[in-house]
Amino acid sequence: MSSERIVLTSINQENKKILNHILEGFFDYTILSASLDNFLNSGTHHLIVALNESKVVVGFISYVDIFHPDKHTQVFINELSVHPSYQRLGIGTKLMRHAFRYAEKHAYYVWVATEMENHEADQFYQRLKPNSKQASWFYDWKVNQEVEND
């Protein structure tokens with residue numbers, strides 16, 4: 001796999017069928033059509049996939065433009081994932097650099113959050129030489145008990 005050519009592609013309404021060909025094991029849940037359409041139509045959400053030579057998705061990054069009245073535009077890395085059999089081949093770095101290039105044109109800075117106990121992710125992000133690393137707490141609330149992710 002290390003000699004396999006990997007191509008990055010931005011997903012949009014015209015090519016979203018690419019997502020029908022994903023290696024198992026690195027998206028959290030099944031892709032929901034309505035959620036995908038909302039994501040792609042937003043104009044602020046971005047999904048970049050890494051395709052192997054067979055045009056199968058082996059990695060992805062999703063990020064979103066964040067606006068606030070008292071801050072410059074930010075890019076938040078929502079998710080970065082590379083299939084385990086394609087890790088440590090530079091795909092994650094390539095995907096992050098894509099987000100950095102986007103942000104250089106459209107935003108003030110890029111940020112990402114990961115669990116404090118995710119040492120592998122911490123080491124990966126440290127290799128990308130961030131300006132800072134901050135400890136934070138993350139809170140979430142499930143507000144609709146009728147909706148489940150499968």
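## Buried, and what that means here

Buried means under 20% relative accessible area. Keep that cut-off in mind while looking at this predicted model, because F124, with a relative accessible area of 15%, falls under it and is buried.

## Aromatic pairs

Let's start with the rings. Searching the whole structure turns up five aromatic pairs. One of them brings together Y63 and Y102, with 5.4 Å from centre to centre and 50 degrees between the planes, a tilted arrangement. This pair ties together distant parts of the chain: Y63 sits in strand β3 (residues 57-68), Y102 sits in helix α2 (residues 91-106), and the two are 39 residues apart.

Next up are F124 and Y125. Their ring centres are 5.2 Å apart and the planes meet at 70 degrees, so this pair is edge-to-face. What about cover? F124 is the buried residue from the opening, at 15%, and Y125 also counts as buried, with 15% relative accessibility.

## A nonpolar patch on the surface

Now for the outside. Which residues form a nonpolar patch on the surface? They are W137, Y139, W141 and V143, and together they have about 680 Å² of accessible area.

Take W137 from that group: this residue is found in the segment after α3 (119-127). Is W137 buried or exposed? Its relative accessibility is 72%, and exposed means over 50%, so W137 counts as exposed.

Notes
Residues are numbered from 1 along each chain as its sequence is written. This is a predicted model: local features need pLDDT of at least 70, side-chain atom pairs count only at pLDDT 80 or more; totals for chains, interfaces and linings use all residues. Side-chain values use heavy atoms; hydrogens and water are left out. Rings of Phe, Tyr and Trp (its six-membered ring) pair if their centres lie within 6.5 Å; planes under 30 degrees apart count as stacked, over 60 as edge-to-face and the rest as tilted. Helices (H or I, at least four residues) and strands (E, at least two) are DSSP runs, numbered from the N terminus. Buried means under 20% relative accessible area, exposed over 50%, partly exposed in between (1.4 Å probe, protein chains only). Patches are made of residues with over 30% relative accessible area and no salt bridge: like charges are joined within 9 Å, nonpolar side chains (Val, Leu, Ile, Met, Phe, Trp, Tyr) within 5 Å. Accessible areas come from the Shrake-Rupley method with a 1.4 Å probe; for residues, only the protein chains shown count as cover. A salt bridge is a side-chain nitrogen of Lys or Arg within 4 Å of a carboxyl oxygen of Asp or Glu.
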